[in-house]
Amino acid sequence: MRITVTARHCEIPDELRKRAREVVQRLEKVAARSLEARVVFDTNHQGKTVEVRLYRPQGRVHIATGSATDHRSALDRAVAKVRRQIDKRPARRVR
């Protein structure tokens, strides 16, 4: 799976980039055959936000945004939302 980590309007430390990759790789274990993941860190007047997009086969995309006072907490919230989306999706029936 290809993982892209981007910072918009801010600088993020290498440790946070590494953590984002590790957390997304854990999502890959739950969402088998994931194609690509994009993590975007952003800073605005309301606080810090992180958007996680997980691209899966057959055109399925899971998108979640987390907001907090720091990027690490926002990342955890966004990943938790994506995880809920993956768990909520029912498995395909096999005839």
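The buried residues of helix α2 (71-88) are covered by elements that include α1, β2, β3 and β4. Buried here means under 20% relative accessible area, exposed means over 50%, and partly exposed is in between, with a 1.4 Å probe and protein chains only. Helices (H or I, at least four residues) and strands (E, at least two) are DSSP runs, numbered from the N terminus. Please keep in mind that this is a predicted model, in which local features need pLDDT of at least 70 and side-chain atom pairs count only at pLDDT 80 or more, while totals for chains, interfaces and linings use all residues. Residues are numbered from 1 along each chain as its sequence is written, and side-chain values use heavy atoms, with hydrogens and water left out.

Let us stay with α2 for a moment. Its buried residues are His-71, Ala-74, Leu-75, Ala-78, Val-79, Val-82 and Ile-86. They line one face of the helix, because they fall within an arc of 130 degrees when seen down the axis of α2; the arc is that of the directions from the helix axis to the C-beta atoms. An α-helix has 3.6 residues a turn, so residues three or four places apart point the same way. The face turned away from the buried side carries the exposed residues Arg-84, Asp-87 and Lys-88. With 18 residues, α2 reaches 26 Å from its first C-alpha to its last, close to the 26 Å expected at 1.5 Å a residue. That expected span is 1.5 Å times one less than the number of residues.

Also in α2 you will find Asp-76, which is partly exposed with a relative accessible area of 33%. The C-alpha atoms of Asp-76 and Val-39 are separated by 12 Å, although the two residues are 37 residues apart along the chain.

Now turn to the other helix of this account, α1 (14-30). How does α1 sit against α2? The two pack at an angle of about 10 degrees, with their axes 11 Å apart. Axes are lines fitted to C-alpha atoms, for helices over the stretch in contact, and angles run from 0 to 180 degrees between N-to-C directions. That makes α1 roughly parallel to α2, a label for angles under 35 degrees; over 145 counts as roughly antiparallel, 65 to 115 as roughly perpendicular and the rest as oblique. Among the residues that meet across this pair are Leu-16, Ala-20, Val-23 and Leu-27 in α1, and Leu-75, Val-79, Val-82 and Ile-86 in α2. Contact means heavy atoms within 4.5 Å.

The buried residues of α1 are Leu-16, Arg-19, Ala-20, Val-23, Val-24 and Leu-27. These cover an arc of only 130 degrees around the axis, which puts them on the same side of α1. They pack against β1, β2 (36-44) and α2. On the other side of α1, Asp-14, Glu-15, Lys-18 and Lys-29 are exposed. Arg-17, also in α1, is partly exposed, with a relative accessible area of 29%. Not counting residues up to four places away in sequence, Arg-17 touches Val-5, Ala-7 and Ile-12.

Strand β1 holds Ile-3, a buried residue with a relative accessible area of 11%. Leaving aside neighbours within four places in sequence, Ile-3 is in contact with Arg-21, Val-24, Gln-25 and Ala-37.

The contacts of Val-52, beyond its neighbours within four places in sequence, include Val-39, Ile-63, Leu-75, Ala-78 and Val-82.

Finally, look at two loops. His-9 lies between β1 (2-8) and α1, while Gln-58 lies between β3 (47-55) and β4 (61-68). Phi of His-9 is near 65 degrees, a positive value in a residue other than glycine, and phi of Gln-58 is also near 65 degrees. His-9 counts as exposed at 65% relative accessibility, and Gln-58 counts as exposed at 58%.
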